[in-house]
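User: I'm new to this structure and would like to learn how to read it. Could you walk me through it step by step?

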Amino acid sequence: MSRRVRLWLLAVGGAGLATLFVAAALDLPALGGDHHPYGDRAVHASLARHTANVIASVNFDQRAFDTLGEMTILFAAVVGCGVLLRQTRDEHRDRPAPEKVARPVRRHALLVLPVALLTGLYVIAHGQLSPGGGFQGGVVAATSLHLLYLGADYRALERVRPVGLYETGDAIATSAYVVTGLAGLIGGTAFLANTVLPYGTFNTLSSGGTVPLLNAAVGMEVACAVVVLLARFLDQAVEIEEGNGK
Amino acid sequence: MMDVFPYLVAGWVFLAGCYGLATSRNLIHAVGCLSVCQAATYVLLLTVGYRDGATAPVFSDLKPGSRPVVDPVVQALTLTDVVVGATVTALLLALVVQVSKRHGTVDPDELSELRG
């Protein structure tokens, strides 16, 4: 298909979609309206189960099965990247030479690293109480490790980040989520039902039944997944070279 | 007008992403355009959940029932998709790395010629 034909096809399809979309948007409930039946019920269910952060309750209690699907996508993406970005037969590994890092960069990176790591863990741990949770905190914790790459060099990063361990951690976290779900089944109710643990005192770390457990599992999986993904890409950029190296 | 404006922004962002995808001459650019399309769904979802004068649906420092809160369901959908979308983007970029190694180009038009 030539470029011209493709553009025409896009123009026709886009115009059609735009017309239908505008017609639909004009018929939608007005912005900021007071009628949110699902939202109101979600808030009610969350408060009944002593979970202060309603979004965590939606993710890890009311729609926990959906989150299992999301985790599976995450896991599959990591496995796929691992397969696609492996070292092939016509490539070899070059040890990267130590790089000189500007002193202010080194100082600030090493200063921020522990703060960022702690912030990530804090955001994961307080997922059921305050804005945040496993998904966001996992990304913060994983990226904080990579400040070592900026502040020191690639070898230092590799020493604190054995990729195999994080791959195992990724798999364990996914299994932990499923096992917590099965506990609901054994407890006599349903898969991933939040009925196994007491709901605890509202607005404390242990409140919300299984929400903190599932939240922690997701946090661990996201952190491990991001570390493994970045490791694969960094390997391609820094270590793996074309040719057999002879 | 303000009532539908955010919906229209979502549609516009989506179509802009589609235009980029169709006219892309670089696969990395195409992956970026796909992320733009995805971002349009976030705008749409958050718009659907918006409520006038409401605050975040988090009750750690808010007395339940004292203020209206925005719809938490669409926020939860958006937040999971942001992270999952990022990893899927990583998978697509890994595919681009392989395409570039095997075919020596990242222009989608040249790729179809190579396959023949």
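Analyst: Happy to! Let's begin with burial: a residue is buried if 20 or more other C-beta atoms lie within 10 Å of its own. This is a predicted model, and in it 35% of the 246 residues of chain A count as buried.

User: Which helices and strands make up chain A, and in what pattern?

Analyst: Chain A has 10 helices and 2 strands. Along the sequence they run α-α-α-α-β-α-α-α-α-α-α-β. Its radius of gyration is 23 Å, well over the 18 Å from the globule rule for 246 residues, so chain A is more spread out than a compact globule.

User: How is chain A divided into domains?

Analyst: Domain 1 covers 1-29 and domain 2 covers 53-242. The C-alpha centres of these two domains of chain A are 39 Å apart.

User: What should I know about nonpolar cores?

Analyst: In soluble globular proteins, nonpolar side chains tend to be buried together. Here the largest nonpolar core has 68 residues, and Val222(A), Val226(A) and Val227(A) have the most contacts inside it. Helix 10 of chain A, residues 211-239, gives the most to this core, with 18 residues. Leaving aside residues up to four places away in sequence, Val222(A) touches several others, including Leu74(A), Phe135(A) and Val83(B).

User: How many residues does each chain bring to the contact?

Analyst: Chain B brings 40 residues and chain A brings 47. On the chain B side, helix 3 gives the most, with 16 residues. That side divides into 28 nonpolar, 8 polar and 4 charged residues.

Definitions and conventions. Residues are numbered from 1 along each chain as its sequence is written. Chains are lettered from A and ligands numbered from 1 in the order in which they are written. This is a predicted model: local features need pLDDT of at least 70, side-chain atom pairs count only at pLDDT 80 or more; totals for chains, interfaces and linings use all residues. Domain bounds come from an automatic or database domain assignment. Two residues are in contact if their C-beta atoms, placed from the backbone, lie within 7 Å. Helices (H or I, at least four residues) and strands (E, at least two) are DSSP runs, numbered from the N terminus. Ala, Val, Leu, Ile, Met, Phe, Trp, Tyr, Cys and Pro count as nonpolar, Asp, Glu, Lys and Arg as charged, and the others, Gly among them, as polar. A nonpolar core is a set of buried Ala, Val, Leu, Ile, Met, Phe, Trp, Tyr and Cys residues joined through C-beta atoms within 7 Å. A residue is buried if 20 or more other C-beta atoms lie within 10 Å of its own, exposed if 12 or fewer, and partly exposed in between; C-beta atoms are placed from the backbone. The radius of gyration is taken over C-alpha atoms; the globule rule is 2.2 Å times the number of residues to the power 0.38.
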